[in-house]
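Please consult the sequence and the structure shown below before reading on.

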Amino acid sequence: METPGFGKESAPRQKSREEVRSQERKTLRHLLPPDLQLKFEPKGRWNFEGELLRRRHSEIKEDQTFFDFLKMKKEAKERTGMPPEGGDAFVLEFSKARHKVSSELALIDTLYSIEIEILQNDDLSAAEIGKILADKDPQFAREIMNLLINKGGIYELYEGTELALKLGERQLAEKNLQTFLDQKQYSYAGKIALGLGNLELAKQSLENLYKKESRTTKKESEVRKKFGLTIFSADMAELGRRIAEQDPEFGRNFLEKLLSKKRVFEAAKVAIGLGDPELAERLRSELYNGGIPELSMEIGLDMAKLDFDFGWKWMERNLAHGDPILPPIAVGKIVAVLAERQNLTGEQTSKIKEIRDKLLKAGGHESLFVAGKIALASGDVSAYRLAQKDLQESKSEPARLKSNKLVIEYLKRKEISPETKRLIGVLSDVTKEKRYAVDMVKNLLLGGDLLDFQSKYLPTFLALKDYGMIINNKAEEGKKWENPELFFEINTDIIVNLQLLDNNLSAALLRSWMSRGFSFADSNLVGCVPVLEDIDSFNAVQKFIKSQKGNLSYYEFGKLLEIASGYIASGRKEIFVSLLGKASPYKETLDILNGKLFEIIARKAGVKGEIAFSSAEHWPLRFLPNLVNHYQFLKTESKVTQDLYGGVLRAAFENRFSKFISDEGQTDKLGKKIALHNQEVEKTFKKSGINWENWENFSGQEAFEVGAGKKISPEESWGELMQKLTDLQELLGNLPVAGSLRKDMIRIQKEKGKFDFSGIDLSDPEWQKKNFPNYARGLEYLISKNPGFVLPGQAAELWKQIQEFVGVVQRRGKDQHAKKRFLVKKWDRDPRRDLFQGNYSRCCISIGEKGIAPQQLPGVEFDVYPPGILEFLVDKGVQVAEVIDEEIGEPIGQCWLYVSLDKNNQPVLVADTFDIQASYGIGKNENRGIREAMFKFLRNYADAAGIKNVVLGKKWGNGDSIVNKVEVGDLPKTSLPPIKKLGGYVNKKQYYLETTGSREVYLIE
């Protein structure tokens, strides 16, 4: 008798009927229209409430294809019992349909993005976005409508009312119409009346407007005297034109009134409304000859829309003779109107293309915008994209605004399919986070599972948002965002792409960033953009994450993104992709990536000789990407600052920094300038009685140890455990084991008074089962169903942390006298480490971190990124007293030191500010110990240098309070003459020292 599975090959296991049906249901679900896929519940329940039946005879192609497939599947099963032939073709059709819906959602998402930017800048073209969205996403259009109406301004009310008309909100429009009438805003009242179909009220409003506008003002008199014309009213002109189109008799009578009063512009508009091009042309010429070419152009463009032949001749006349008054761009505006014409001749099409291409070549935001409009009018999307690309790459503010307007012009012309409209409606029902929903679903349609939207991604996003709101509410003033919703709106696309990269890791990383404030998180999110937008880097990172099989922490994930950004910023992303593709363990991969990046940065700094990575041991490798990023950030700064950064890096890489700041005979011109400055600093210090040798080379230190924290009560330990378990439950998402953990949490909560950490034996292999029985059984069940099952990476990491936490609490119970050791010393002025002093303490002069300076300091030249630490490094008149955490061997805080003179011209040691990492914050034992040791060190240092008094900054030069990260309430206050750095400045420009110019300080006795 043979043992099954031995001696011969076993036959493949046949799938059970239920497994086959399950697979069929899964396939069928993926072929459902996207809006129905969103209604498919994770447990496999159909929840369409008759939707399939209602759609059986739908005229929408997507529905027809789905039912065709069902019919073909049924017939094939009855005929052969096999899947239908041609099924792959249907799958391809659905794939195309998903791509189409995704591209249409991308257009909607673009509108959302522009609308957010518009509202941030208080740009009233938000109404234009609303009108485009009215038939694409009515709910969002209504949000814009309400926002405009509630703003309170009369123009906003008008724009909101126009949008209400577009959305069919007649009652709201009628109510607002009465407001316009009551406030005698006749132009707005007339246009809204026309929108409501009330022609008589519109005419009455026009008459009232005419009477109101006819009162002569000083400016009108001056214009009439100069040109024989009256100043125009654009509102009256437009309203008159629209009424004339509907009531020619009234229009002709109104035209006579305007002509009798020489209101040329308005009369020309009404003539166009009456379809009288000859009169309109005569009035247009009068405007042009009278020296008002802009108004002449507006009338001409209206005429070109009315009479193509006139427009073409007008264009040719401008091309042939040029125009001494109208700018060349005027021809392009005419062509943009003419290009709308259907059935152009080949010659006309070529001429339009020629002018468009000249505008593209000319560049400039106006030319590119008009070129884009011509391309859109001609239906040439490729040329439109060229114009749009050039606008975006110019990066100026006018170009950005024109880019947005050109996108709006494009989207005005784009229709969206019924399938997309239905999907947007379902998303509106599912969540209020509309922009997030559209952005995520558009990505999932291209290759993801729509079931993941509600079961995985949306819950994570909502949890992150709740967490962020709590953190922002607790933030200190200055770090709190007044409108926290804006943080998520402007970063939605980045968060979506991070989630798609890895949902669990990105959630943990975002929580870590947000815990340090929205501004910090915002700058770090922006730093991820290069990786997320580069498809090769994105795919490489995603593949690497999967290769680590859940062993990557969120910190390591964040570091990987930083390194990737460093390579991309250096223009060497292909090296990053290649190295990451080898899929080695994280630590090994990190060493390789850092080594190559080290070489790239050294070359970028201008190092020409051999570069040995062995010298990288002197650099904190985790900050290498920051060095690359700082190159990008300094592009907005002065050339002086850029040169200083390059010079410091070169000297550091070539191991000649000491010579760079000290040798007056060196060949490096920048170094020689710095050395001469430091020579003058030395002379000035000696003249003021300061012991220069001790100032420069003081070796005194203050070593101390302090209790690692106050005694933790069992209740606090229990609360900390429950928070960690809550975080774990969130990371487990919809896994069944999340419910099992919840049962254990409920039991622990009930037994709060009995829960004994000391009773947990972590050496017992069964400790998990004994203390978290439901969770352990849940894991066993999942593993039994799938032997390869592992927890999501971040959940596995957090479970390890929970185990470690239990051990920490047990040790707390055994030893309430645990100590931490610290050391206060003067820095070594070694740029390979000290360049990152701000990064260690996470303060505002960090290298390669975006825009975290608290505010601009008067007299300091910088845009967003204060150079600060660069100047401190090269100027011997500045020192840094650093606090080292001996456990990790790194700085966790500093005082920035320089010398000023008191009223008797005696030197005073100024500690500009006292920065410490937030983890050692005010109120903690470590913070108090650090403060006392630092103050003792500063007094000893001052004594050694022959300086009598030591002070700590209290006020900025602009009068605001300085934020010191230690208690200062018990320090005596004193005053000095306006504080000024002794020895001056390398480039004669003030450094980023907050106390400069202030008088108020704290005295350190």
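## Salt bridges and cavities

Arginine 241 and glutamate 245 are joined by a salt bridge, with 2.5 Å between the closest N and O atoms. A salt bridge here is a side-chain nitrogen of Lys or Arg within 4 Å of a carboxyl oxygen of Asp or Glu. The model is predicted: local features need pLDDT of at least 70, side-chain atom pairs count only at pLDDT 80 or more, and totals for chains, interfaces and linings use all residues. Residues are numbered from 1 along each chain as its sequence is written, and side-chain values use heavy atoms, with hydrogens and water left out.

Arginine 241 and glutamate 245 are four residues apart in helix α13 (residues 234-246), so about one helical turn separates them. Helices (H or I, at least four residues) and strands (E, at least two) are DSSP runs, numbered from the N terminus. Arginine 241 is buried, at 16% relative accessible area, whereas glutamate 245 is partly exposed, at 46%. Buried means under 20% relative accessible area, exposed over 50%, and partly exposed in between (1.4 Å probe, protein chains only). Both residues belong to a network of salt bridges that also links Glu238, Lys269, Glu298 and Asp302.

The structure holds 50 salt bridges.

| Pair | Distance |
|---|---|
| arginine 241 and glutamate 245 | 2.5 Å |
| lysine 686 and glutamate 682 | 2.8 Å |
| aspartate 109 and lysine 442 | 2.9 Å |

The bridge between aspartate 109 and lysine 442 has an N to O distance of 2.9 Å. Aspartate 109 is in helix α5 (residues 87-120) and lysine 442 in helix α25 (residues 434-444), so the pair ties together parts 333 residues apart in sequence. Both of these residues are buried.

Lysine 686 and glutamate 682 lie four residues apart in helix α38 (residues 669-687), about one helical turn from each other. Lysine 686 is partly exposed at 48% relative accessible area, and glutamate 682 is partly exposed at 26%.

Turning to the cavities, the structure has three of 30 Å³ or more. A cavity is a set of points on a 1 Å grid over the protein atoms alone where a 1.4 Å probe fits but cannot get out, and lining residues have an atom within 4 Å of a point. The largest cavity has a volume of about 60 Å³, the volume being the space filled by probe spheres set on the points. Its lining includes Cys843, Phe872, Trp896 and Asp912. Strand β5 (residues 907-916) supplies the largest share of this lining, three residues.

Terms used
On a 1 Å grid over the protein atoms alone, a cavity is a set of points where a 1.4 Å probe fits but cannot get out, and a pocket is an open set with protein on both sides within 12 Å along at least five of seven lines; lining residues have an atom within 4 Å of a point.
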